[in-house]
Amino acid sequence: MNVLTKYLEIKSEGEPHMIDLTDEVQSMVGNSGISNGIVTLFLPGSTGGITTIEYEDGLLKDFPAMLERIAPKNIIYEHQKRWRDDNGHSHVRAAVIGPSLTVPFVKGKLTLGTWQQIVFIELDIQPRSRRLIVQIIG
Amino acid sequence: MNVLTKYLEIKSEGEPHMIDLTDEVQSMVGNSGISNGIVTLFLPGSTGGITTIEYEDGLLKDFPAMLERIAPKNIIYEHQKRWRDDNGHSHVRAAVIGPSLTVPFVKGKLTLGTWQQIVFIELDIQPRSRRLIVQIIG
Amino acid sequence: MNVLTKYLEIKSEGEPHMIDLTDEVQSMVGNSGISNGIVTLFLPGSTGGITTIEYEDGLLKDFPAMLERIAPKNIIYEHQKRWRDDNGHSHVRAAVIGPSLTVPFVKGKLTLGTWQQIVFIELDIQPRSRRLIVQIIG
């Protein structure tokens, strides 16, 4: 049994900045010495999310447009009334996308599809430094 | 290799009751004797969800308000036509949030952010007793 | 420590085809020789999703109806302007549902609720052959 903890440091622009993490995660898994298992990516924070998407310019606009439909920026949030930090919508969007993604790997290779990338999406209103946890188990 | 199965018993009020599970999960992980690994929380049921959020009064209203936008309570559900149990919206909301959350831990400590809590959200219309699975691996 | 990789081959109809995977996953876990652990299901692709739901005819319409509200088929997608493959909505829906589901098992049995099934949902516009990864760890 092996558990290896790695960290992935990223600097985001403000919302909705989507960052392709695939190559870095693949590299960490490939260099881990663990051939078969799962990798769990986790964001320690409540205003961003992790998922997969085809990372191309069109969808980088279409996915945030969906988030704007379900949690619009300019409606009234109770969070805003209390904290005045202008990111109520960021928290709501993050909670539905989720902070965690688990991907299997086989023979050191992530089992992603050809047109499927691992992405972090910054949902907070300002640029942030993020340190994601990359937990490799196998 | 160690696998430890724990159960987290909760009593929910009806929808949309959000319960902070962070301290209990941290305690189970801390007492597990496993220092590094992942914990998978799982709801055995189809009318609740597990995610993370900043657990404060504002967002406890804002997150359910988003769910009401995407799966309103008072529209017609096919589920309702067949089963007459008034919880079609509960099932739809649960399927999009998801029943599972995986969080890495390092040196016995969950890798959550400072303002990030693990929450169960009751989406069913009545109070329920729930027994979540807490699977600790490392 | 044991890791076992299995593959689940499915043929989907076009959107929104929901396929109940519970029996096959349970069978793979039950035959794995691993008694306690977690199973991660993963879709290598960006136009489908995996979640749990009560698999009954009503919800098989209600869940897609929610997806149509949050990512309607007949609005303009930037993805469409570039690629003309008519599945912008499919990608957006897939990214919010997610490609991955992790379920604990105990004594060879998935910890699902009685009315909770594991489902793959085809979100692409045409029938597709899919090969899901079933990573069993314990």
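# Why call it that?

Me: Where is the place of Pro16(A)?
Reply: Pro16(A) sits in the loop between β1 (3–12) and β2 (17–20) of chain A. Those element names come from DSSP runs numbered from the N terminus: H or I runs of at least four residues are helices, and E runs of at least two are strands. The model is predicted, so local features need pLDDT of at least 70 and side-chain atom pairs count only at pLDDT 80 or more, while totals for chains, interfaces and linings use all residues. Residues are numbered from 1 along each chain as its sequence is written, with chains lettered from A and ligands numbered from 1 in the order in which they are written.

Me: What makes the peptide bond from Glu15(A) to Pro16(A) worth a stop, and what is its omega?
Reply: The bond is cis, with omega near -15 degrees. Most residues other than glycine have a negative phi, and most peptide bonds are trans. In chain B, the bond from Glu15(B) to Pro16(B) is cis too, again with omega near -15 degrees, and Pro16(B) lies in the loop between β1 (3–12) and β2 (17–20) of chain B.

Me: Why does Asp86(A) count as partly exposed?
Reply: Asp86(A) has 14 C-beta neighbours inside 10 Å. A residue is buried with 20 or more other C-beta atoms within 10 Å of its own, exposed with 12 or fewer, and partly exposed in between, with C-beta atoms placed from the backbone.

Me: What makes Ser90(A) buried?
Reply: Ser90(A), in helix α4 of chain A, has 27 C-beta neighbours inside 10 Å, so it counts as buried. Setting aside neighbours within four places in sequence, Ser90(A) is in contact (C-beta atoms, placed from the backbone, within 7 Å) with Glu15(A), Thr47(A), Leu123(A), Asp124(A) and Ile125(A). Gly49(A) is 41 residues away along the chain, and its C-alpha atom is 9.8 Å from that of Ser90(A).

Me: Why say that helix α4 of chain B is mostly covered?
Reply: In α4(B) (residues 88–97), 10 of its 10 residues are buried. Among them are His89(B), Arg93(B) and Ile97(B). Just after α4(B), Gly98(B) has a positive phi of about 100 degrees.

Me: How do the axes of helix α4 of chain A and helix α2 of chain B cross?
Reply: The axes of α4(A) (residues 88–97) and α2(B) (residues 57–70) come within 10 Å and cross at roughly 60 degrees. That makes α4(A) oblique to α2(B). Angles under 35 degrees count as roughly parallel, over 145 as roughly antiparallel, 65 to 115 as roughly perpendicular and the rest as oblique. Axes here are lines fitted to C-alpha atoms, for helices over the stretch in contact, and angles run from 0 to 180 degrees between N-to-C directions.

Me: Which residues make the contact of α4(A) with α2(B)?
Reply: α4(A) gives Gly88(A), His91(A), Val92(A), Ala95(A) and Val96(A), while α2(B) gives Gly58(B), Leu59(B), Asp62(B), Phe63(B) and Met66(B). By class that is 6 nonpolar, 3 polar and 1 charged residues. Ala, Val, Leu, Ile, Met, Phe, Trp, Tyr, Cys and Pro count as nonpolar, Asp, Glu, Lys and Arg as charged, and the others, Gly among them, as polar.

Me: How many residues of chain A are in contact with chain B?
Reply: 28 residues of chain A touch 33 residues of chain B. The chain A side has 14 nonpolar, 11 polar and 3 charged residues.

Me: Last one: how many helices and strands does chain A have?
Reply: Chain A has 4 helices and 8 strands. Its radius of gyration is 16 Å, close to the 14 Å that the globule rule gives for 138 residues, so chain A is as compact as a globular protein of that length. The radius is taken over C-alpha atoms, and the rule is 2.2 Å times the number of residues to the power 0.38. Of those 138 residues, 54% count as buried.

Methods
Two residues are in contact if their C-beta atoms, placed from the backbone, lie within 7 Å.
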